[in-house]
Amino acid sequence: MKGLASEWVWLNGRFCRAATAHLSVFDRGFLYGDGIFETLRVYDGRPFGLDLHLQRLKRSARVLGIRLPVVDWPTVVHELIRRQPQRELAVRLTVTRGSGRGLLPPRRLEATVLIFATPIDRRVPRWQGRGVAAVSVPYSRLGLSEHKHLGYLPAVMAKRAAAQRHAVEGLFVDAAGRVLEGATSNLFVRLGRRWITPPATDVLPGVTRGLVSELMAAQGLRVVERRVRLAEVADADEAFLTSSIAEILPLCEIDGVAIGDGRPGPQTLSLSQAYRQSIDLTLRSPLFR
């Protein structure tokens, strides 16, 4: 805890140590989960996909009626990264509607903005190479799946359910037995020659999900957006999960049942390598900020 307290954060216009950062007890993010967030990956001190995450953040703020303050996001993020001792990080941008009681938000609230960085989990490279297991978790959608709002209790419970069964991820399954997405990831499964991913209307359209879909199309892989039954995941030839932090994670087991031969699939491994190469090219580009 001492280390966390000494870390730098950016809160409402200024940099400060986490130990001295304070929020109102009436902040709506704390009281009602009334807010949004984005998490992006930092490679060797350089943020990746910041523009794409900001586009989604602004889109969600507009839909939810949250008034974003004027922030020079790139400058703040780069300065926060500079203040961290680590170079491989996850940066989280959190915006709440502000401080105000009552379910009906008071008019013209000033939003709360908090930005902080966290070191990447050291287990991620091992998961990428060996693959991970997932468990299915019942889920009821609330109509806001395309926005990263702060009501993340279902994801917390899914992660707990996965950990209790020695898995890495929980996959949300609706009442009809269709897989929506992971607690912190999107799903792709290969059935024969086709790759299938749940439609963007049913899930949070992840930034990495979009980038990987473009990469797959460029490689001539057929990707179809449609609803996926849980039984199809277990019967798939191979499968993987995508997220900004973990990139591409081979999915080798669901509810104790091996997917394919229980090892990362060949197309998954090829895509993972190609995706990392595309990131390296982007980071080396003189146009990359």
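1. Two strands pair if DSSP finds at least two bridges between them. Helices (H or I, at least four residues) and strands (E, at least two) are DSSP runs, numbered from the N terminus. Strands β10 (residues 186–191) and β11 (residues 194–197) meet this rule with three bridges, in the antiparallel sense. Leucine 191 faces arginine 194 of β11. The two strands make a hairpin with two residues between them. In its turn, glycine 192 has a positive phi of about 70 degrees.

2. The model is predicted: local features need pLDDT of at least 70, side-chain atom pairs count only at pLDDT 80 or more, and totals for chains, interfaces and linings use all residues. Residues are numbered from 1 along each chain as its sequence is written, and side-chain values use heavy atoms, with hydrogens and water left out.

3. β11 has another partner, β12 (residues 222–225). Here the strands run parallel, joined by four bridges. Tryptophan 195 stands opposite valine 223 in β12.

4. An open sheet holds six strands in the order β2-β1-β6-β5-β3-β4, with antiparallel pairing. β2 (14–17) and β4 (46–48) are the edge strands, each pairing on one side only.

5. Glycine 35 has threonine 96 as its bridge partner in β5. Helix α3 (residues 50–64) packs on the sheet and touches β3, β4 and β5 (contact: heavy atoms within 4.5 Å). The direction of α3 makes about 180 degrees with that of β3.

6. How do α7 and α9 cross? The axes of α7 (residues 207–218) and α9 (residues 266–284) come within 11 Å and cross at roughly 105 degrees. That makes α7 roughly perpendicular to α9 (65 to 115 degrees; under 35 is roughly parallel, over 145 roughly antiparallel, the rest oblique). From α7, the contact uses Thr208, Leu211, Val212, Leu215 and Met216; from α9, Leu271, Ala274 and Tyr275.

7. There is one cavity of 30 Å³ or more. A cavity is a set of points on a 1 Å grid over the protein atoms alone where a 1.4 Å probe fits but cannot get out; lining residues have an atom within 4 Å of a point. Grid points are joined across faces, edges and corners, and a volume is the space filled by probe spheres set on the points. The largest cavity has about 50 Å³. Its lining includes Leu40, Tyr43, Thr208, Leu211 and Tyr275. β3 (35–43) and α7 each give two or more residues to that lining.

How values were computed: Axes are lines fitted to C-alpha atoms, for helices over the stretch in contact, and angles run from 0 to 180 degrees between N-to-C directions. On a 1 Å grid over the protein atoms alone, a cavity is a set of points where a 1.4 Å probe fits but cannot get out, and a pocket is an open set with protein on both sides within 12 Å along at least five of seven lines; lining residues have an atom within 4 Å of a point.
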